[in-house]
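Let me put the thing up on the screen and then talk you through a few spots in it.

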Amino acid sequence: MTPEQAGRLLAEIADTTTRARALVESRSAETLMNRPRKESWSLAEALEHLVLTADAMLPLADAAIAELEREGQRSSKPAGLGLAGWLL
């Protein structure tokens with residue numbers, strides 16, 4: 001992961017958090033829990049899934065960034081998803 005990628009990742013996380021919070025705050029609990037179709041997820045369920053996925057992935061990203069900084073490594077190649085990313 002390049003330093004630029006790390007910066008963009010952190011900015012995207014902050015932006016996504018802000019947008020998700022605004023989405024939830026502008027809707028009622030009933031709206032958040034409503035499933036548009038029986039077999040589909042509600043907005044609350046979709047957001048919960050995203051939060052759980054982020055909770056699993058962010059520590060991995062934080063560790064990778066910290067390791068790069070600790071070792072003074074700079075990559076010129078973009079980072080890939082890796083096995084954990086593909087499995088999630």
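This is a predicted model: local features need pLDDT of at least 70, side-chain atom pairs count only at pLDDT 80 or more; totals for chains, interfaces and linings use all residues.

Let's start with Ser-40, which at 12% relative accessibility counts as buried. Residues are numbered from 1 along each chain as its sequence is written, and side-chain values use heavy atoms, with hydrogens and water left out.

Back to Ser-40, then. Where does Ser-40 lie? In the loop between α2 and α3. Helices here are DSSP runs of H or I, at least four residues, strands are runs of E, at least two, and both are numbered from the N terminus. A polar atom of the Ser-40 side chain sits 2.9 Å from the backbone oxygen of Arg-37. For polar contacts I'm taking N or O pairs within 3.5 Å; within protein, one atom must be able to donate a hydrogen and the other to accept it, and residues adjacent in sequence count only if both atoms are side-chain atoms. If you skip residues up to four places away in sequence, Ser-40 touches Arg-35 and Glu-45. Contact there means heavy atoms within 4.5 Å.

And those two partners have their own story. Glu-45 and Arg-35 form a salt bridge, with the closest N and O atoms 2.5 Å apart. Glu-45 belongs to helix α3 (residues 43–71) and Arg-35 to the loop between α2 (29–33) and α3, so this pair ties together parts that are ten residues apart in sequence. The rule for a salt bridge is a side-chain nitrogen of Lys or Arg within 4 Å of a carboxyl oxygen of Asp or Glu. As for cover, Glu-45 is partly exposed at 23%, and Arg-35 is partly exposed too, at 41%.

How many salt bridges does that rule give? Three. Another one joins Arg-37 to Glu-39, with 3.2 Å between the closest N and O atoms; Arg-37 and Glu-39 are both exposed. Then there's Arg-19 with Asp-15, at 3.3 Å between the closest N and O atoms. Arg-19 and Asp-15 are four residues apart in helix α1 (residues 3–25), so about one helical turn separates them. Arg-19 is exposed at 56%, whereas Asp-15 is partly exposed at 38%.

Now the other serine I wanted to show you. Ser-42 is also found in the loop between α2 and α3, and its relative accessibility is 1%, so Ser-42 counts as buried. The Ser-42 side chain reaches the backbone oxygen of Leu-32 at 3.4 Å. Leave out neighbours within four places in sequence, and Ser-42 is in contact with Leu-32, Met-33, Asn-34 and Arg-35.

Over in α2 we have Ala-29, which is exposed, with a relative accessible area of 58%.

On to α3. This helix has 29 residues and reaches 41 Å from its first C-alpha to its last, close to the 42 Å expected at 1.5 Å a residue. That expected span is 1.5 Å times one less than the number of residues. Where does α3 bend? At Met-57, by about 30°, and a proline, Pro-59, follows within four residues. The bend is the angle between axes fitted to the seven residues ending at a residue and the seven starting there. Buried in α3 are Leu-47, Ala-61, Ile-65 and Leu-68, and what covers them includes α1. After α3 comes Gly-72, with a positive phi near 65°.

Last, the whole chain. The protein chain has four helices and zero strands, which reads as α-α-α-α along the sequence. Of its 88 residues, 12% count as buried. Taking contacts with a separation of 6 or more, residues 24 or more positions apart account for 60% of them. The accessible surface is about 7,000 Å², and 59% of that belongs to carbon and sulfur atoms. Those areas come from Shrake-Rupley with a 1.4 Å probe; for residues, only the protein chains shown count as cover.

Methods. Buried means under 20% relative accessible area, exposed over 50%, partly exposed in between (1.4 Å probe, protein chains only).
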